[in-house]
Amino acid sequence: MYEVRSVQNPAEYFTGPEQRPAKTVFFTRLIGYDDERELARFLKRYQSLAGQNGRFLKGPIPNPDEAQVEAFYRTVDSSYRYLPAEVTADIRKFLSGIDAARAAQLAEAVVEAIDGLRKAGKGDNILKNAYVKFLCWLRDGFDRAAYASAGPQPPKVLYEGDITKYEVIFLRILARAGCDVVYLNYRSDESYLAADRGSQLSGKLEGRIHTVPRTPFSEIDFEAEERRASFRQELDGFSRTVNTNRWLYGDALEAVFRSNRARDPVNEDAINNLFIRYAGIDEREPYLNRLFQLEEDLKASKKPWVRIDGKIANPSVAEAGAAPKISYQDRDDLIYGLAERVSLTPDRVRGQLAKRAFVLIMEAQESQNLTRLQNFGVNLLCWMERYLKPLYSVYDAEFLPVLIYYGAPNAKEGTFLSMAALMGADVLVVCPDKTLEDVFVSVPYGDNSRLEELPSSMPMEPYPDREIKIRVTTAAYDAQRQLDDILYTGTGLFRNRQFLRSKPVTLKTTYDEIGILWPAEAKYRPGFAAEKGRVTVPNLFAKVCGVEGGDVAKYFENIRAMLTPNTILVTRIPFIDGSRPNPIEPYAVRFVSNGKLQVDMIKRHSAYQYEFLSDDTQDYILEKIQELLDLKWIESRQAHLDETVVATLLNLNRYILKLIQNFDFTKTIPKMVVIDTTEAMFSLADCILITFLNLVGFDIVVFTPTGYRNLEKYIRPEAYESYTIGDYCYNLAVPQLQIPPEGEPKREKGLFQKIFGKGRK
């Protein structure tokens, strides 16, 4: 008989005999699942093989009817001694034409099963009924598996649903006779264990999800999915083609007229487009004149352009009628089916970019029924035909088309404008009234845009169709407006919170330099740089082992001197309490997909806790979480690592959030000091937080007098510097250390006081 084993991975079922130990088959119970699509893909392939030389059955197996039992007694004259030779003879009589060797294999397995029932105390009458049942099932329900001979794949049997004791024994018979067997139960192992309490007859793989999938695996068209995956892979090949805003400096209205190559000479093969939101005005007449002149210059340029005033009209009956109504099986089928109908230009690159933009926008829509999603998609297709096709029909790669929206778009219109920017068009959203809603903080890919906010606001007026006579400013007025730009551009002087984003770089130093650099403001450190609205912040991330000279008192005194009012002090390991409930954890699996944060979903979700922070701080935190995911500095064998990172970092305490929001990237750097004197290990959450704060820009030192491992458990070594400064010391008691209180805030001098002195009282 065959040896029966369980699998560790369902894919092992598709190995041939030459890849297994001799005469080995598998019998495994699949109880629940972790990934619905992965399981469905396995079952679809397994079912296909079972259809060739086995059986797929949604239980129960029907009991033999009267005609089948009569046929058995009419054909078989059994002695019911259940000896291998006699059972082989019975099988050859009842299963007409079966190979003698195959009959002998089946007979051995049946004899073993009957013997097991006898040892369990079953009487002769029960044994006889079981014997008749097993042979009837072999002939009339599982004949393909019974007759099958050895080949490239063992015969496959798949049983789905609750199961009875004799069905379990029968599946074991098939396995011992050389069949691979899968028992599938999405909900529970209870019915199986009632028959095989010690789980002796099969092994088990159990997933964390115990619900019946929405779509039966047999109804999933994986070939269509593979076609869609291939289509998506092709579209994703263009993911770096569009370079939005990263090249942009200076006046965006002037930049509109630069050729693509002039916008970014280093990246001239990319489509260097802009996506700008103008909110508010400076002064009414100059503002309206700039808008008028923008349109006049566009008319005189080579750039195709279109302006949308106010609301975008819904598709007309004729426009919507051009999109045939098709029934789609599921969400993916709908999205990719509609994407294939995007046709704006014969240029392949621009055409694929348009399809890709449509797919990304559709995939970002919240779950809704297919009819609503289809209506939304058809709306986008109609608007593309109406506004974008005329622009792309005269497309010139050097002079990108311009789409101007004048007013405050609603969410659907904002989504359309985001899609146009994803395609590579220049998109300008001009709204003089700052009180109106800015939907781009929530629409998909709205964060690709840049907000240019002017100081004042005015109610919406019609787009200017003529130049307005304006007042002339005085020289003093102009000087006052220009002075600020002069003093804070390229001079080494910085406004408070001048920069909204930073790029921390960890300094590689000697140990002695840590003490020198620790109190220094960012702008005085080596490697500091400020350009194009982003500042490079040199910070420290060090593990310090041992005690210099063995002087414990001096060791702790040096640590005390490093504490500032903006320091996180940790003296107990682990320091993140994993037992406390985390409101983000149930949703983390939805907040990250394929290593990418779903930013829009996170910000809209009711569990999101950072709404009270400024938009810039929220965006900065989310960017740094994404950077941590991308760098993969956290290592762990724990499943769902990305979800753990997200759940940890979206549940930070208020003190840490305050330090991040107060961090002015050119000035004092917030600190984290960790003192680890015991054998306790850092938790995964501890290491996630430490590494995240390093990416935010914090100075971090982990003092480890014992020299034991701590950071190394989860953090890759290239993330930090290590120093050994003396002998290892053990059983040290950490003295009482206090974070110094905030001193009296220094009154910041005004700009003119800084330059010209104290001034009048």
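This is a predicted model: local features need pLDDT of at least 70, side-chain atom pairs count only at pLDDT 80 or more; totals for chains, interfaces and linings use all residues.

Biologist: Why is E190 called exposed rather than buried?

Modeller: Buried means under 20% relative accessible area, exposed over 50%, and partly exposed in between (1.4 Å probe, protein chains only). E190 has a relative accessible area of 63%, so E190 is exposed. E190 is found in helix α8 (residues 190-195). In the chain, buried residues make up 48% of the 761 residues.

Biologist: How do you know that the length of helix α4 agrees with its number of residues?

Modeller: Helices are DSSP runs of H or I with at least four residues, strands are runs of E with at least two, and both are numbered from the N terminus. The expected span of a helix is 1.5 Å times one less than its number of residues. Helix α4 (residues 100-119) has 20 residues and should therefore span 28 Å; its end C-alpha atoms are 28 Å apart, which agrees.

Biologist: Which elements do the buried residues of α4 pack against?

Modeller: They pack against α3 (84-94), α5 (124-140), α6 (143-147) and α7 (165-176), where contact means heavy atoms within 4.5 Å. Among the buried residues of α4 are L106, V110, I114 and L117.

Biologist: What makes β19 and β20 a pair?

Modeller: Two strands pair if DSSP finds at least two bridges between them. Five bridges join β19 (residues 671-675) to β20 (residues 699-704), so these parallel strands meet the criterion. The bridge partner of I675 in β20 is F703.

Biologist: Which strands are the edges of the open sheet?

Modeller: The sheet has five strands in the order β16-β19-β20-β15-β21, with parallel pairing. Its edge strands are β16 (567-570) and β21 (721-724), because each pairs on one side only.

Biologist: How does the chain compare with a compact globule?

Modeller: The radius of gyration is taken over C-alpha atoms, and the globule rule is 2.2 Å times the number of residues to the power 0.38. A compact globule of 761 residues would have a radius near 27 Å, but the chain has 36 Å.

Note on methods: Residues are numbered from 1 along each chain as its sequence is written. Side-chain values use heavy atoms; hydrogens and water are left out.
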